[in-house]
Amino acid sequence: MVIVSTMKHRNRTDIIVSMLKAARHGGTKTKIMYSSYLSSHQLRAYLELVIRNSLLAYDSTKQRYRTTDKGLRLLELYYNIGKLELAPSTWTTSQK
């Protein structure tokens, strides 16, 4: 029996988006790590990045990370870009 992995190589944006989704309503480090398929070492580096860029905030009283308004805006833009359906046959030479 062969198990085919559906996990593809992800770029930094895809990983950050998965973290923001996991923390949308408040999430622990563990929830974010498992939801984003990251090791604890990778999670630390990405948490530093998203907090430094004000995409996630840490609530020390609840011990939870929460997606900020800026992070929610990034999610919105990410999904809107994904909705664009541009067929390559409609591109002109100047757009390629």
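A residue counts as buried when its relative accessible area is under 20%, as exposed when that area is over 50%, and as partly exposed in between. These terms are applied below to a predicted model.

**Helix H3**

Helix H3 covers residues 40-52. At 1.5 Å a residue, its 13 residues should span 18 Å, and the end C-alpha atoms are 18 Å apart, which agrees. Leu-43, Tyr-46, Leu-47, Leu-49 and Val-50 of H3 are buried. Viewed down the helix axis, the buried residues of H3 fall within an arc of 165 degrees, so they line one face of the helix. In general, an α-helix has 3.6 residues a turn, so residues three or four places apart point the same way. The buried residues of H3 pack against helices H1 (12-22) and H2 (29-35) and against strands E1 (56-59) and E2 (64-67). His-41 and Arg-52, on the other side of H3, are exposed. Just after H3, Ser-54 adopts a positive phi of about 60 degrees.

**Aromatic pairs**

The structure holds two aromatic pairs. The ring centres of Tyr-58 and Tyr-65 lie 4.7 Å apart with the planes at 50 degrees, so this pair is tilted. Tyr-78 and Tyr-79 form an edge-to-face pair, with 5.6 Å centre to centre and 80 degrees between the planes. The accessibility of each tyrosine is tabulated below.

| Residue | Relative accessible area | Class |
|---|---|---|
| Tyr-58 | 43% | partly exposed |
| Tyr-65 | 9% | buried |
| Tyr-78 | 29% | partly exposed |
| Tyr-79 | 34% | partly exposed |

Tyr-65 is classed as buried because its value of 9% falls under the 20% limit.

Note on methods
Residues numbered from 1 in each chain as written. Predicted model: local features only at pLDDT ≥ 70, side-chain atom pairs only at ≥ 80, totals over all residues. Heavy atoms only, no water. Helix = DSSP H or I, 4+ residues; strand = E, 2+ residues; numbered from the N terminus. Expected span 1.5 Å × (residues − 1). Buried < 20%, exposed > 50% of the residue type's maximum accessible area, 1.4 Å probe, protein only. Arc of directions from axis to C-beta. Contact = heavy atoms within 4.5 Å. Phe/Tyr/Trp six-rings, centres within 6.5 Å; stacked < 30°, edge-to-face > 60°.
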